[in-house]
Amino acid sequence: MNKPLLRLSQVSFSYPDAPCLLKELDLTIEQGSFTVILGESGSGKSTLSRIMAQVMPEHEGRLDGNVYVNNEADGCSEGDDKGSEHIHRTLSLQAPISAPSLLVGHMGGELSSFVIGVVEDELAFGPANLGVGISEIERRMEKELKRMDMLDYRLSVVEQLSGGQQQKIAASSVWTMEPQLLIMDDAWSHLDRDAKQMFADALLRWLEESPRHTLVMILPRVEHRDRIHPLWVRASWLQLQQGQLRSTIPFELASSLPITNVSDGESKDKKNRNFDMRLQVPAIKLEDAGTGYPDLSFGIQADGILMPGEAVLLQGENGSGKTTLLHLITQSLPLQHGTASIAGHSLSKLKSHELARLIGYVPQSSYAMFLYDTVQQELEFAYDSAISIGRNPFKLIPAKPLNENDGRVEQVDPMPMIQSNQGNQERLRTGWVEDHLKLLGLTQQAQDNPQELPAADRRMLNVIIATAHRPGLLILDEPTAGLDERSASALIHYCELLRQQGTALIVATHDELWDCFAQERTNWQVWMMNNGNLHSSKHENVKRDKKN
């Protein structure tokens, strides 16, 4: 038996005014081991990873139990303080616990952990704070950038990189500190298939570099196409469920994605559409449309047409230009050449508030859209924003909350036009908010801060906010990254319902669940970015583009 590096004994955790999330949990991480912890959104995976890494959450919470951290090669054990640091806390989490001598690297899934902004500075920041000399820092940076195939981006600005490239840099910045214990909390959710394979290769090599290297991966799921990698052969598998960890059998946790009968779906489309396809104006039309970042040679050139009620999966390798294209469409970057139109309006002539009426946008970071302190306030703002531009807010009544029924919802008739009577306005507003709290399964969390919701709930709230004003075009950037299969399925089905009502969808994703869902649907297509180029005036059905 290898010597333990970290031991959790009877650890419990709860957020204020919430049920206990982790319940008397026991876990031992041995030196040289590889442990995978699977769990659905909201099960406490990220909370557990922070406790293990001694990175306390910013908000208050109650942590009970014992954490034993190895300081020396002698190992750690209960009742024996030799070679270990014994931490016991019953407290509000307002300040971090003193860092143990064991160097723990923590890689998170959200793209918000950067400190300085330039790639080489990010990689140097950690070892410099550990007192590592300049020449050694240079050696480590060179090694880790090569490991992640990012040497050419050493002087790049992090925010100008794609989401997948940012995750590579985040991983490299942890590896330059040379941790003995590495804890990954879904730290590859934004990577394309090839990049994920390369990352898995890098992890396997890292494990083999030293018998002291220890890895814990915390994931919502392992995609089918990733399961053949030899990395998984080394793993011990646990499932986090109802606050407890249990041994599990690999790859049998997630159910298959339900696929609606194609003929039923197509007939439903025809029934719900009240427009003549021949008379439609494209939701978006791109003709030699190009843009780029200042002071960078890389740019994009795009051709494509998307009609109302159609959907595309925007795919391509990390760094191929997908996010840059979305920045062009949302006016985060200016149109530098060619033409682009949204619902027949020239993109270059649209003012920002005019564009906001026509599109909905869900960015990669699920935190980026929130403005208020409570879930209820976010929904009220979405409702008021729709009314202010003369739109009836999109409304659904759930058969069950989305987190209980794989996203199956029932559409209701459009809301009646708002009359001038103030009491009637308040009644309709309250009803809309309450219905969407039920849809999200968040009725009891209405007064919670949206920043503190589980990832799946944050994502669905993002989509509700982005579509309340009934936009003709909805853009989603990696919307299911980091979600378990059931939660991802719920979000996909909700987006499909929007498409059936005439909303055009652009989904930038590497997630195979979208491919699985779209492969038999004629209204779902693929736009492929290749080194900044998008040529898709005649786009292909997803079923014919399964090579990606």
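Helix axes are lines fitted to C-alpha atoms over the stretch in contact, and angles run from 0 to 180 degrees between N-to-C directions. Helices (H or I, at least four residues) and strands (E, at least two) are DSSP runs, numbered from the N terminus. The model is predicted: local features need pLDDT of at least 70, side-chain atom pairs count only at pLDDT 80 or more, and totals for chains, interfaces and linings use all residues. Residues are numbered from 1 along each chain as its sequence is written, and side-chain values use heavy atoms, with hydrogens and water left out.

The protein holds 13 helices and 23 strands. Of its 548 residues, 55% are buried. Buried means under 20% relative accessible area, exposed means over 50%, and partly exposed lies in between (1.4 Å probe, protein chains only). The accessible surface comes to about 24,200 Å². Carbon and sulfur atoms account for 47% of that surface. Areas come from the Shrake-Rupley method with a 1.4 Å probe; for residues, only the protein chains shown count as cover. A contact means heavy atoms within 4.5 Å. Among contacts between residues at least 6 apart in sequence, 73% join residues at least 24 apart.

Two helix pairs were examined. In the pair formed by α2 (residues 119-129) and α4 (residues 163-175), the axes come within 7 Å and cross at roughly 30°. The two helices are therefore roughly parallel to each other. Angles under 35 degrees count as roughly parallel, over 145 as roughly antiparallel, 65 to 115 as roughly perpendicular, and the rest as oblique. The crossing of α2 and α4 is right-handed. A crossing is right-handed if the near helix is turned clockwise from the far one by less than a right angle, and left-handed if anticlockwise. From α2, V119, E122 and L123 meet I169, S172 and S173 of α4. By class, this contact has three nonpolar, two polar and one charged residues. Ala, Val, Leu, Ile, Met, Phe, Trp, Tyr, Cys and Pro count as nonpolar; Asp, Glu, Lys and Arg count as charged; the others, Gly among them, count as polar.

The buried residues of α2 are V119, E122, L123, A124, G126 and P127. Their cover includes α3 (134-147) and α4. Just after α2, G131 takes a positive phi of about 85°.

The second pair is α9 (residues 375-388) and α11 (residues 455-467). Their axes come within 8 Å and cross at roughly 20°. α9 and α11 are therefore also roughly parallel to each other. Their crossing is left-handed. V375, E378, L379 and A382 of α9 make the contact with L461, I464 and I465 of α11. These residues divide into six nonpolar, no polar and one charged.

Individual loop residues were then considered. Q242 is not a glycine, yet has a positive phi of about 55°. Q242 sits in the loop between β9 (236-241) and β10 (244-247). Q242 counts as exposed because its relative accessibility is 63%. E478, also not a glycine, has a positive phi of about 50°. The loop between β19 (473-477) and α12 (485-500) contains E478. At 4% relative accessibility, E478 counts as buried.

T509 is found in the loop between β20 (504-508) and α13 (512-518). Its relative accessibility is 0%, so T509 counts as buried. Leaving aside residues up to four places away in sequence, T509 touches L313, L314, Q315, E478, T480 and W514.
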